[in-house]
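Student: I would like to learn how to read the features of a structure. Can we go through one together?

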Amino acid sequence: MNILETEGLYHDFSGLLVLFDVNLEVKEGERHAIIGPNGAGKTTLFNVITGTYSPSRGRVTFKGKEVTGWKPHNLTRVGMGRSFQITSTFSRLTTFQNIRMGILSKRRIRFNLFRKVDKMQNITEETDDVLKRINLDGERDLPASMLSYGKHRSLEISMALATDPDLVMLDEPTAGMSRDETHHAVELIRRLTEGKTVVIIEHDMDVVFSLADRITVLHLGHILASGPPGEIRESQAVKDAYLGETEV
Amino acid sequence: MRNNLSRWIYWVVGLVILAIYPQVVGIYYTNVFVGFAIFGLYAVTLNLLLGYMGVLSFGHAMFFGAGAYSTALALTHIQGFPLLPALLVGGLAGAMLALILCPLLVRVSGTAFAMLTLAFGQLIFVIALKYREVTGGEDGVGGYPIPSFNIPGVVSIDMTDQINFYYFAVTVIIVCLWLLWFYTKTPFGSLVVGVRDNAMRIDYLGFKLPQTKAVNLIVSGCFAGIAGAIYALFQNLVSTLGVLDIGTSFAPILMAYIGGLGSFFGPIVGSAILHLLEDVTFRITEQIELVNGLVFILVVLFAPMGIVGLLRQAKAKWFHKEKVS
Amino acid sequence: MSPTTAMYVAQAIHGLAYGMLLFLVASGLTMIFGMMGILNLAHASFFMLSGYFCYTVITVTGNFWLALLIAPVAAGICGLLVERFLLRKVHAQGHLAELLLTVGIMLVILEAVKVGWGTESMMIKMPNGLDGLISVANMTYPIYRLFVIGLSLVVLGIMALILYKTRLGMIVRAAVSDADMVSALGINTPLVFMLVFGFGTWLAGVAGVVAAPLLTVFPGMADQIGMDAFVVVVVGGFGSLIGAFFVALFLGELNAYGIQFIPRLAPVLMFAFMAIVLAFKPMGFFGERE
């Protein structure tokens with residue numbers, strides 16, 4: 001069953017067509033990588049699916065329900081999570097407070113004005129639990145802006161997962177990481193997304209082929225090919241458009 | 001446990017000092033204190049927007065003024081209007097004004113927010129100035145009866161007595177400050193701080209951004225209105241130039257900035273410093289605004305984190321030194 | 001021309017004169033904002049300061065034209081100094097600090113003026129030959145207001161020449177639309193900032209001198225035009241000179257006819273207009289960025 005579908009998705013920025021008849025299908029439980037050269041429209045596709053923009057045309061369906069043009073908070077509430085290519089945490093809050101924000105959302109604690117958040121034992125425990133799982137318990141009380149780049153990226157990814165989404169959309173989670181950090185990040189993603197559906201934009205082909213069950217190639221705003229890794233590796237069209245350049 | 005005990009001791013000592021303060025310093029400084037406390041509360045409500053949510057309200061006087069005018073008008077026109085409802089009317093007026101404006105205010109941030117609040121602040125100031133049938137224009141509304149604090153059959157305290165009023169005002173302000181402090185500690189309070197740091201992420205974590213901003217605006221407006229109401233009871237005179245003009249909007253910004261935006265109590269410290277400064281200045285020269293302006297410039301230049309920030313820095317340095325030695 | 005038409009025309013010219021003055025103040029404000037990101041709340045203070053300089057020059061020399069030359073330059077120099085020794089120091093701290101600093105400067109200028117010149121209103125006599133009325137087609141009109149329009153056009157012309165024909169002007173225009181690009185080109189941005197700030201305050205100074213005979217010189221003389229200039233900048237779009245020009249003229253007319261027909265609501269109209277525009281176009285009509 002498909003957890004996410006887009007049908008005939010178009011998007012333009014004041015006339016400049018960035019997405020062009022995109023029909024994406026993501027099956028429940030799979031790890032789906034989206035690759036493509038710079039400017040192919042990958043992040044725009046993410047933005048349209050996760051509610052940053054409404055598409056100019058077309059439909060987005062999530063869990064069998066049409067969600068075209070829904071706002072991010074509504075999508076999060078029905079189980080979609082997202083991380084950003086450019087790290088987007090609460091920079092002046094501590095690592096703990098960053099993750100706690102996600103936990104509060106997951107527990108649907110929003111307009112609670114009658115208890116101190118520090119006194120909510122279960123929230124604190126759950127947050128500390130998450131911190132331990134992502135190896136950030138040592139940096140618990142450090143402001144996010146003081147974290148090392150690799151740890152900051154881990155926090156970014158973990159915040160997308162803290163709301164316990166069924167589908168997580170990761171926009172270049174390993175962007176700017178060293179080899180070593182990339183390795184750790186991939187392990188982290190593998191561990192945290194157990195049993196979830198993942199859509200991931202990635203440039204690092206090693207990461208793509210080691211992580212993905214299925215790959216979609218986006219080129220000039222259009223889907224060039226979609227299939228299992230082996231098939232994509234062999235596809236001539238893909239080689240011409242993309243893989244050839246990077247010599248994989 | 002020890003921590004808890006010392007906290008209790010602080011509270012008790014603080015309350016005792018507040019209780020004997022008017023007996024020690026006399027009427028004049030009792031009134032100075034009330035003025036400081038009113039503006040302390042008012043500056044904290046501004047900091048709820050500036051320090052906590054990251055938007056600058058440049059027309060905050062409209063909430064303060066709405067509260068002050070509502071209380072004054074209620075007391076003028078309704079005979080025998082009681083004391084606590086008079087306060088509530090002020091708070092309600094501030095909250096209502098915020099509620100009316102928030103559909104527009106929640107859409108913007110940064111400079112646009114500052115300008116929009118400035119525009120509304122001036123709009124309300126000019127309207128109040130022109131509709132003198134209601135507001136008395138520049139002369140204002142004054143001389144209304146100040147009700148007694150009345151619990152039927154138990155007690156009736158005369159509020160025109162300045163010492164009595166001191167106790168009443170200080171009690172109300174402490175309760176308000178405690179409520180606001182608690183508010184910043186709730187899960188919702190942490191959300192507001194999240195809006196300051198990264199509004200987009202708040203949306204992506206599943207929280208409704210406009211509603212979150214709106215609630216914080218209304219809370220801020222409501223308590224600014226209560227501060228205005230206490231002011232109306234304290235002065236027994238409310239005029240457009242006194243409660244709605246741009247100076248009344250600048251004052252809490254200055255206080256919050258001097259005290260330090262990063263802490264809840266910073267604006268109160270700022271209010272204390274400005275009131276003390278004003279008192280001292282007044283003995284030397286009448287140019288209080290000149291001194292205020294210079295303080296503004298000096299603080300921005302040399303203490304961008306405010307006094308509380310400076311103290312924290314000094315403390316960190318001090319303790320660091322101790323550890324080393 | 002019938003008396004009614006004459007009245008309408010007179011109001012229109014009144015509005016034009018005020019609109020032009022408003023543009024002189026607002027153009028400096030919007031340039032400073034577009035380039036440096038600073039919303040200079042002290043901007044109108046230089047308008048007032050220049051009015052006082054004008055008064056002093058006239059008291060000493062008795063010559064309005066000399067005052068028109070000297071006072072704005074003096075105000076502009078004050079602006080340069082403020083930029084160099086105050087604003088530049090807090091630039092790294094971000095816009096809030098700068099905004100608050102300009103509030104402080106505004107208060108200091110206001111109070112310094114009160115200390116230096118007192119709080120009385122002071123009359124400035126219109127120069128000979130401009131103080132009369134002119135009659136055209138059945139209608140009389142004060143010459144001085146026509147002079148205001150003419151002089152503003154001259155200044156506008158000078159400004160356009162500088163902006164479009166000189167290297168500095170090109171840098172300024174580039175910087176207003178993209179400050180990063182200018183530093184990328186290796187141009188000494190702090191110097192450009194300082195010059196723009198000085199030029200902007202000079203413009204406000206010119207307006208201050210020109211307005212002085214109409215408003216008289218007193219500490220609150222810049223209150224209305226200062227507020228209106230903000231409305232112009234906000235509505236026209238932060239950093240947009242063209243936006244500022246059209247909105248200034250529009251507000252001038254709005255003000256003139258507002259006073260004619262709904263005197264009580266005239267001051268409210270401006271802010272109501274601004275609030276509505278901001279609510280629906282937070283960047284203003286011609287603005288591209290916040």
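Student: Which residue forms a salt bridge with A:Asp171?

Tutor: Start with the general idea: side chains of opposite charge can pair when their charged atoms come close. A salt bridge here is a side-chain nitrogen of Lys or Arg within 4 Å of a carboxyl oxygen of Asp or Glu. A:Asp171 pairs with A:Arg82, and their closest N and O atoms are 3.5 Å apart. The two sit in distant parts of the chain, 89 residues apart: A:Asp171 in strand β8 (residues 167-171) of chain A and A:Arg82 in strand β7 (residues 80-83) of chain A. Helices (H or I, at least four residues) and strands (E, at least two) are DSSP runs, numbered from the N terminus.

Student: What kind of model is this, and how are residues numbered?

Tutor: This is a predicted model: local features need pLDDT of at least 70, side-chain atom pairs count only at pLDDT 80 or more, and totals for chains, interfaces and linings use all residues. Residues are numbered from 1 along each chain as its sequence is written, chains are lettered from A and ligands numbered from 1 in the order in which they are written, and side-chain values use heavy atoms, with hydrogens and water left out.

Student: Are A:Asp171 and A:Arg82 buried or exposed?

Tutor: Both are buried. Buried means under 20% relative accessible area, exposed over 50%, partly exposed in between (1.4 Å probe, protein chains only).

Student: Which residue does B:Asp197 meet in a salt bridge?

Tutor: B:Asp197 meets A:Arg92, at 3.6 Å from N to O. B:Asp197 lies in helix α7 (residues 187-204) of chain B, and A:Arg92 in the loop between β7 and α3 (95-106) of chain A, so the pair joins two chains. B:Asp197 counts as buried because its relative accessibility is 16%. A:Arg92 has a relative accessible area of 56%, so A:Arg92 is exposed.

Student: What about A:Asp118?

Tutor: A:Asp118 forms a salt bridge with A:Arg100, with closest N and O atoms 3.0 Å apart. A:Asp118 is in the loop between α3 and α4 (121-133) of chain A, and A:Arg100 is in helix α3 of chain A, 18 residues apart. A:Asp118 counts as exposed because its relative accessibility is 51%. A:Arg100, at 4%, is buried. Elsewhere, salt bridges that share partners join A:Glu7, A:Arg59 and A:Glu66 into one network.

Student: How much area do chain B and chain C bury between them?

Tutor: The size of an interface is often given as the accessible area lost when the parts come together. Here, buried area is the accessible area (1.4 Å probe) that two parts lose on being put together, summed over both. Chain B and chain C bury about 3,400 Å² between them, 81% of it on carbon and sulfur atoms. B:Met115, B:Ile297 and B:Leu301 supply 15% of the area that chain B buries against chain C, more than any other three residues. The contact (heavy atoms within 4.5 Å) takes 39 residues from chain B and 38 residues from chain C.

Student: What does B:Phe58 touch?

Tutor: Leaving out residues up to four places away in sequence, B:Phe58 touches residues including B:Met115, B:Phe250, C:Leu41 and C:Val103.
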